[in-house]
Amino acid sequence: LGTGGAFSFDDARNFEILKDKEAVVYRGEIQKLIAKDGKEHLRENKNYSLTAVYGLDFSDFKTPGTFKIHVPNIGVSHPFTIGN
């Protein structure tokens, strides 16, 4: 955001894992890890990114292949691979 200030995607609640362009193979909930005005663990006095930090836990998804993450109304990730 440059100098645009802190930002938060508060409406982003769920994510999907996509296979072959648009086939949804997994759905999960987005977890907010640090609020946009929260403090980082290593730097207790400041949030250096000036944005909220989110986590996507899909550790129970074990299917090998190439996938993308989709967050509705936000966007789609670059492809990533899950191996055996």
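Of the 84 residues in the protein chain, buried ones make up 24%; buried here means under 20% relative accessible area, exposed means over 50%, and partly exposed is in between (1.4 Å probe, protein chains only). This is a predicted model, so local features need pLDDT of at least 70 and side-chain atom pairs count only at pLDDT 80 or more, while totals for chains, interfaces and linings use all residues. Residues are numbered from 1 along each chain as its sequence is written, and side-chain values use heavy atoms, with hydrogens and water left out.

**Overall layout**

- The protein chain has six strands and zero helices, so from the N terminus on its elements read β-β-β-β-β-β; strands (E, at least two residues) and helices (H or I, at least four) are DSSP runs, numbered from the N terminus.
- Take the contacts in the protein chain with a separation of 6 or more: 40% of them come from residues 24 or more positions apart, where contact means heavy atoms within 4.5 Å.
- The accessible surface of the protein chain is about 6,400 Å², and carbon and sulfur atoms own 50% of that (Shrake-Rupley method with a 1.4 Å probe; for residues, only the protein chains shown count as cover).

**Strand pairing**

- S1 and S2 pair in the antiparallel sense over six bridges; two strands pair if DSSP finds at least two bridges between them.
- Asn 14 has Glu 29 in S2 as its bridge partner.
- The hairpin of S1 and S2 has three residues between the strands, and Asp 20 takes a positive phi near 55° there.
- S1 also pairs with S4, again in the antiparallel sense, over three bridges, and Ile 17 has Ile 69 in S4 as its bridge partner.

**The nonpolar core**

- The largest nonpolar core has 10 residues: Ala 12, Phe 15, Ile 17, Tyr 26, Ile 30, Phe 61, Phe 67, Ile 69, Val 71 and Ile 82. Such a core is a set of buried Ala, Val, Leu, Ile, Met, Phe, Trp, Tyr and Cys residues joined through side-chain atoms within 4.5 Å.
- Strands S1 (14–19), S2 (23–34) and S4 (65–71) each supply at least two residues of this core, and S4 gives the most, with three.
- Not counting residues up to four places away in sequence, Ile 69 touches a list of residues including Phe 15, Ile 17, Leu 56, Val 76 and Phe 80.
- Ile 82 sits in strand S6 (residues 80–82) and counts as buried because its relative accessible area is 18%.
- Ile 82 and Gly 65 are 17 residues apart in sequence, yet 5.4 Å apart in space, C-alpha to C-alpha.
- Beyond its neighbours within four places in sequence, Ile 82 is in contact with Phe 58, Phe 61, Thr 63, Pro 64, Gly 65 and Phe 67.

**Aromatics**

- The structure holds six aromatic pairs. Rings of Phe, Tyr and Trp (its six-membered ring) pair if their centres lie within 6.5 Å; planes under 30 degrees apart count as stacked, over 60 as edge-to-face and the rest as tilted.
- Phe 61 and Phe 67 make an edge-to-face pair, 5.2 Å centre to centre with 80° between the planes.
- Phe 61 counts as buried because its relative accessibility is 10%, and Phe 67 does because its value is 3%.
- One aromatic cluster takes in Phe 15, Tyr 26, Phe 58, Phe 61, Phe 67 and Phe 80.
- Lys 19 lies over the face of Phe 67, at 5.2 Å from the ring centre (the cut-offs: NZ of Lys or CZ of Arg within 6 Å of the ring centre and within 35 degrees of the ring normal).

- Most residues other than glycine have a negative phi.
- Asn 73 is not a glycine, but has a positive phi of about 70°.
- Asn 73 lies in the loop between S4 and strand S5 (75–76) and counts as exposed because its relative accessibility is 84%.
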